[in-house]
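Trainee: Can we go through the pockets of this one? I have the model open.
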Amino acid sequence: MSSSASLLKLAGRSCGRATGPCCISTTRPALSAQCPPAVSAVTTTSHRPYRTRAHPTPTPTVPIIDAVESVLEGCEVRHAARLKRWNTDNSRRVERRIAYLGERGGPSAPTPDEIKADIEKNGYRRMDETVEVALQLNLDPRKPGQSLRGGLTLPHGSGKTFGVAVFTDDEDLADEAREKGAVAAGGSSLIDSIRTGEMPTSSFQRTVATPDMVPQLAPIARILGPRGLMPNPKLGTVLDGAALINGLLSQMSGTTNYRTDRDGVIRLGVGRASFGPDAILDNVRELMNEIQSIKPESFGRGKKGKSKKASKGAKYYLKAHLSSTQGTGSVLVDLRTIDPTSSFFMSDPLKV
């Protein structure tokens, strides 16, 4: 059926009449004149622009410099709102605490004067939000060589400190590790304490080990593995001698570990809001150089079970978003400004 016949059939159904002179007319003016306004609307809106799920409005991209400034500005706005709310509710907060301790407090409960002094001494504590990068790569982790994993030390750190456990049979090395700040250090005795639950895994967030200790970790592999605590040479956590102490210090100071998830996305914190834009941009630059340096020779998502080599012109970076801990959304970053191979790397294309 032609488009004209379909239109006429729709017009006849809309006007509620049997097929007659007004519905078999082939000219649009005659149809508009003899049919109700509803039919006229049908005939005139067929060429209007529209947006559907298949044709969504494209999201604008922002250069990385502007994206960092936008995220940090949102952090400052939320901080100001929380501080204002704290100051507004301060007196009511003191009154509620005094009333509660007056009814249920014991002999050792603080007095009203002590409560007021404590509130004045320990005022509002600012929440230092984490700035995170979500980088979607054109990778399929199911295929060999396309699952990226490693660790890097950011120039300004990640803003986090971690407790580290050291596995070594060398008593002198274990004593030095404890002096440097390790949560626990030892050999078979430490393994037994973790296996029996005497040393909870919640007391440390990272582990380092000497190469000879890796086979001995088999009894606790099911405890450490699901928590991501197994020492791994790819993460730089299997070291020996003096390198072990250096690895301990780097893990304690916040060496950042990254890994692609099942969708080929890497999510990584690149600093705190208190770092400022320059420090965060330095950390992003270091991250992107690291991701570019480990780019696999072949990449791309294809049908499962079929290999797919990177075709000429295939994109390695698909999307990049920047967000903060309590932000209401993320900022879509212009890929040209975070691609180390681009001439606009870490700059604003409109200002170059």
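Mentor: Strand S6 gives the most to the lining of the largest pocket, with three residues. Strands are DSSP runs of E with at least two residues, numbered from the N terminus. A pocket is found on a 1 Å grid over the protein atoms alone, as an open set of points where a 1.4 Å probe fits, with protein on both sides within 12 Å along at least five of seven lines; lining residues have an atom within 4 Å of a point.

Mentor: This is a predicted model, where local features need pLDDT of at least 70 and side-chain atom pairs count only at pLDDT 80 or more, while totals for chains, interfaces and linings use all residues. Residues are numbered from 1 along each chain as its sequence is written, and side-chain values use heavy atoms, with hydrogens and water left out.

Trainee: How much space lies in the largest pocket?
Mentor: About 270 Å³, where a volume is the space filled by probe spheres set on the points, joined across faces, edges and corners. It has 14 lining residues, and Arg149, Arg206, Gly228, Leu235 and Asn257 are the closest to its centre.

Trainee: Which elements give two or more residues to that lining?
Mentor: Strand S5 (206-209) and strand S6 (256-259).

Trainee: New topic. What volume does the second largest pocket have?
Mentor: About 230 Å³. Its lining has 16 residues, with Thr130, Lys160, Thr256, Leu268 and Gly269 closest to the centre.

Trainee: Which strand gives the most there?
Mentor: S7, with three residues.

Key
Helices (H or I, at least four residues) and strands (E, at least two) are DSSP runs, numbered from the N terminus.
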